[in-house]
Amino acid sequence: MTFNFPYSDWGRLDLDMNLFYAKRCVAIPGDTFYIENGIYRVKNCSDTLGYYENQHILSQQEEYEFPPQIFNAFPYDWRYNWTIKNFGPLYIPAKGDNMAIDSLNIVLYRNLIAYETRQEVTVKGGTVLVGDSLIERYTFTKNYYFMAGDLVFDSKDSRYWGLLPEDHITGKISFVWNTKDMESGKRRWNRFMKRIK
């Protein structure tokens with residue numbers, strides 16, 4: 001999929017009309033996504049997700065082989081302590097989902113709720129406020145997606161910035177236009193104009 005990058009300021013989800021990304025969608029609304037020793041998984045799904053070859057290589061690597069800014073992942077909170085090798089489980093909200101919200105899971109969904117309501121979301125004394133209103137449940141008004149890059153070792157994808165709102169999606173990739181070999185930097189003409197299924 002192609003989409004507008006969802007953050008121009010890392011603390012607030014917004015729409016950057018000047019920056020487009022192309023990533024694989026590995027989890028859709030209603031899925032529970034997780035990464036187990038580098039391998040992408042969705043609860044109750046046995047399919048291979050994303051670019052498996054690089055995930056397998058990641059599974060063989062140790063934490064010390066990565067700088068912390070690459071290894072640590074969303075939501076960057078000690079209560080979750082998620083990494084690019086062990087992440088989740090993270091429920092992907094669907095439009096109409098009514099979820100219990102508390103001072104722990106608000107870390108996962110704060111930016112989504114702030115984006116939908118256009119209000120500040122804060123936690124005070126263990127309670128969650130949207131603007132001045134106390135909330136214990138929230139009904140999502142948009143669908144969300146988990147996007148993954150093929151370069152699992154360092155890709156600006158949902159592992160780092162969280163979930164993608166549906167209104168950021170701009171299209172589906174149908175064919176390869178330009179691709180380069182990662183080692184030589186030369187064009188891979190055998191993939192030029194190849195259809196993507």
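Visitor: What ground rules apply here?
Guide: In this predicted model, local features need pLDDT of at least 70 and side-chain atom pairs count only at pLDDT 80 or more, while totals for chains, interfaces and linings use all residues. Residues are numbered from 1 along each chain as its sequence is written, and side-chain values use heavy atoms, with hydrogens and water left out.

Visitor: How many aromatic pairs does a search of the whole structure find?
Guide: Rings of Phe, Tyr and Trp (its six-membered ring) pair if their centres lie within 6.5 Å. Planes under 30 degrees apart count as stacked, over 60 as edge-to-face and the rest as tilted. The search finds 10 aromatic pairs.

Visitor: Is the pair of Phe-33 and Phe-146 stacked or tilted?
Guide: The ring centres of Phe-33 and Phe-146 are 4.0 Å apart. Their planes meet at 25 degrees, so the pair is stacked.

Visitor: How many residues apart in sequence are the parts that Phe-33 and Phe-146 tie together?
Guide: Strands (E, at least two residues) are DSSP runs, numbered from the N terminus. Phe-33 lies in strand 4 (residues 32-36) and Phe-146 in strand 12 (residues 144-148). The pair therefore ties together parts at a sequence separation of 113 residues.

Visitor: Is Phe-33 buried or exposed?
Guide: Buried means under 20% relative accessible area, exposed over 50%, and partly exposed in between (1.4 Å probe, protein chains only). Phe-33 has 0% relative accessibility, so Phe-33 counts as buried.

Visitor: Which residue in strand 14 is the bridge partner of Thr-2?
Guide: Strand 1 (residues 2-4) and strand 14 run antiparallel, joined by 2 bridges. Thr-2 has as its bridge partner Gly-171.

Visitor: How many disulfides does the structure hold?
Guide: A disulfide is a pair of cysteine sulfur atoms within 2.5 Å. The sulfur of Cys-25 has its closest cysteine sulfur in Cys-45, 12 Å away, so it is too far for a bond. The number of disulfides is 0.

Visitor: Is Cys-45 buried or partly exposed?
Guide: The relative accessibility of Cys-45 is 33%. Cys-45 therefore counts as partly exposed.

Definitions and conventions
Helix = DSSP H or I, 4+ residues; strand = E, 2+ residues; numbered from the N terminus. Pairing = 2+ DSSP bridges.
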